[in-house]
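Student: I am new to this structure and should like to learn how to read its features one at a time. Could we begin with how a residue is placed relative to the surface?

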Amino acid sequence: MLALCRLRGPSTALLQRANATLHAVPPAADTPPPPPVAKAQSSPPPPSETPDASDSKANGRRRRRTPIPPKRPNISLANPRQWNRPIGLGVIPAYDLALELIQRDSKFLVHEAAALREDVKVLESKVVELGGWGSEGAKDVEAEMEKKREKLKILEVQSKVNLPAVRWEVDNAMDVLPDLRPTIDVHVVAQTTSRERVQTKKMRTTVVPGTFLLPGQTIKPLHVYANVFHTDTRLYTMLLVDPEYSILTKPRPNIPLSATTRGRIDLDGHTPYIPPHPQQGTPYHRYVLLLLPQPPLDGVTHSLNAEARAEPGVPTSTTLDIPPVEPAERANFDVRAFVQRWGLDTIPGGGAHMWREVWNSRVSKIYKNVLKELEPRFGRPPKEDPYLEYKEKKRYI
């Protein structure tokens with residue numbers, strides 16, 4: 001009510017005077033004159049309003065300006081950058097002392113690794129004097145050398161792992177290897193679906209282990225890539241099997257791999273590829289890809305000593321004369337018996353990958369055009385009706 005009364009009668013002059021200048025309406029006679037206005041201190045002019053801000057004020061609301069997130073610089077092997085100190089020298093003495101301690105420890109480990117390399121060279125000459133590699137007199141020296149090489153490998157990593165420049169390169173993927181995984185890191189690339197091809201404009205996609213693929217994506221052989229971490233060239237046997245129904249899809253022996261191997265694995269030859277074909281009426285099928293290491297050559301063991309003296313491109317594994325698998329032998333394929341027969345279970349390690357598939361209409365085309373067989377269909381047997389005989393008879397004559 002008080003607010004409404006102030007808007008009525010002569011009090012409107014006060015309201016007008018507040019919104020206008022002091023000389024717009026003369027003051028009343030019974031009211032004292034207003035005090036003189038103090039001069040405002042000089043202040044910087046208000047910032048000019050942008051069109052967006054004026055529009056927001058006209059609507060009675062202020063728009064909150066969202067800050068633009070900082071853009072990460074494009075850092076790659078094509079556009080490399082080096083690590084720089086986050087703060088200047090002497091700003092934080094504790095930080096300077098920490099860097100000095102890390103660098104001092106790194107230099108100490110580098111000198112220790114260099115001394116260990118000299119010890120390995122001395123042991124190599126002793127092996128030659130005692131009869132050569134694999135001789136009875138040099139076995140103890142070879143065992144000692146293997147231990148020193150393992151320690152040398154650890155020192156080479158520890159001498160650089162704490163350096164800020166090395167950590168920065170790892171965080172920015174500059175000139176470093178991908179994440180190391182046990183023995184072999186296997187990657188599989190398949191064709192994209194029609195929907196993915198429209199959305200991503202890509203013809204192929206990386207298969208995440210355990211995901212579902214459509215049978216149409218595996219009609220053609222998949223691209224297989226393998227990262228191994230030994231410098232010598234070793235031979236592997238690849239098996240692509242359906243363990244649900246013991247079906248061999250593709251074998252490929254004598255695949256040479258080393259740390260310098262680039263590109264996808266050549267799967268052509270030996271035995272023709274059969275596309276995965278999960279049968280209608282069955283649950284999803286798992287398709288497992290195995291990379292199994294073949295036995296080493298006679299008198300050779302896969303060790304750091306063998307890697308050091310191996311010649312580039314010369315395999316240190318035994319070449320297996322595995323015959324092509326006949327179509328009739330692919331069904332009921334026994335992986336355990338195959339591995340034991342060719343000695344693929346004597347060397348630990350290897351690699352594996354797996355994806356899943358279910359039946360769709362493309363499987364019928366695989367049976368018709370590739371396998372040239374009648375497509376089997378599975379399902380639950382029909383339930384027996386005990387009243388079927390009475391239903392077929394006429395009730396009324």
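**Reading the model, feature by feature**

Tutor: K372 is exposed, with a relative accessible area of 65%. The general idea is a scale with a 1.4 Å probe and protein chains only: under 20% relative accessible area is buried, over 50% is exposed, and values in between are partly exposed. Please bear in mind that this is a predicted model, in which local features need pLDDT of at least 70 and side-chain atom pairs count only at pLDDT 80 or more, while totals for chains, interfaces and linings use all residues. Residues are numbered from 1 along each chain as its sequence is written, and side-chain values use heavy atoms, with hydrogens and water left out.

Student: Where does K372 lie, and what is its phi?

Tutor: K372 is placed in the loop between helix 11 (361–371) and helix 12 (388–392). Its phi is near 55 degrees, a positive value in a residue other than glycine. Helices here are DSSP runs of H or I with at least four residues, strands are runs of E with at least two, and both are numbered from the N terminus. S246 also has a positive phi, about 55 degrees, without being a glycine. S246 sits in the loop between strand 4 and strand 5 and is partly exposed, at 31% relative accessible area.

Student: How many helices and strands are there, and what share of the residues is buried?

Tutor: The protein has 12 helices and 7 strands. Of its 397 residues, 30% are buried.

Student: How should I check the length of a helix?

Tutor: Take 1.5 Å times one less than the number of residues as the expected span. Helix 4 (residues 93–129) has 37 residues and should span 54 Å; its end C-alpha atoms are 55 Å apart, so the two values agree. Buried residues of helix 4 include D96, L99, A113 and V127. Just after helix 4, G131 takes a positive phi of about 120 degrees.

Student: What reach does helix 5 have, and what covers its buried residues?

Tutor: Helix 5 (residues 139–158) reaches 29 Å from its first C-alpha to its last, close to the 28 Å expected for its 20 residues. Among its buried residues are V141, E142, R149 and L155. The cover over the buried residues of helix 5 includes helix 4 and helix 8 (304–309).

Student: Which residues does W355 touch?

Tutor: Contact means heavy atoms within 4.5 Å. Apart from residues up to four places away in sequence, W355 touches V188, V207, L222, L240 and Y287, among others. V208 lies in the loop between strand 2 (204–206) and strand 3. Setting aside neighbours within four places in sequence, V208 is in contact with H353 and M354. V208 and H353 are 145 residues apart along the chain, yet their C-alpha atoms are separated by 8.8 Å. At 49% relative accessibility, V208 counts as partly exposed.

Student: How much space lies in the second largest pocket?

Tutor: That pocket has about 300 Å³ of space. Of its 14 lining residues, I247, H277, A331, L371 and E373 are the closest to its centre.

Definitions and conventions: 1 Å grid on protein atoms, 1.4 Å probe; cavity = no way out; pocket = protein on both sides within 12 Å on 5 of 7 lines; lining within 4 Å. Points joined across faces, edges and corners; volume = space filled by probe spheres on them.
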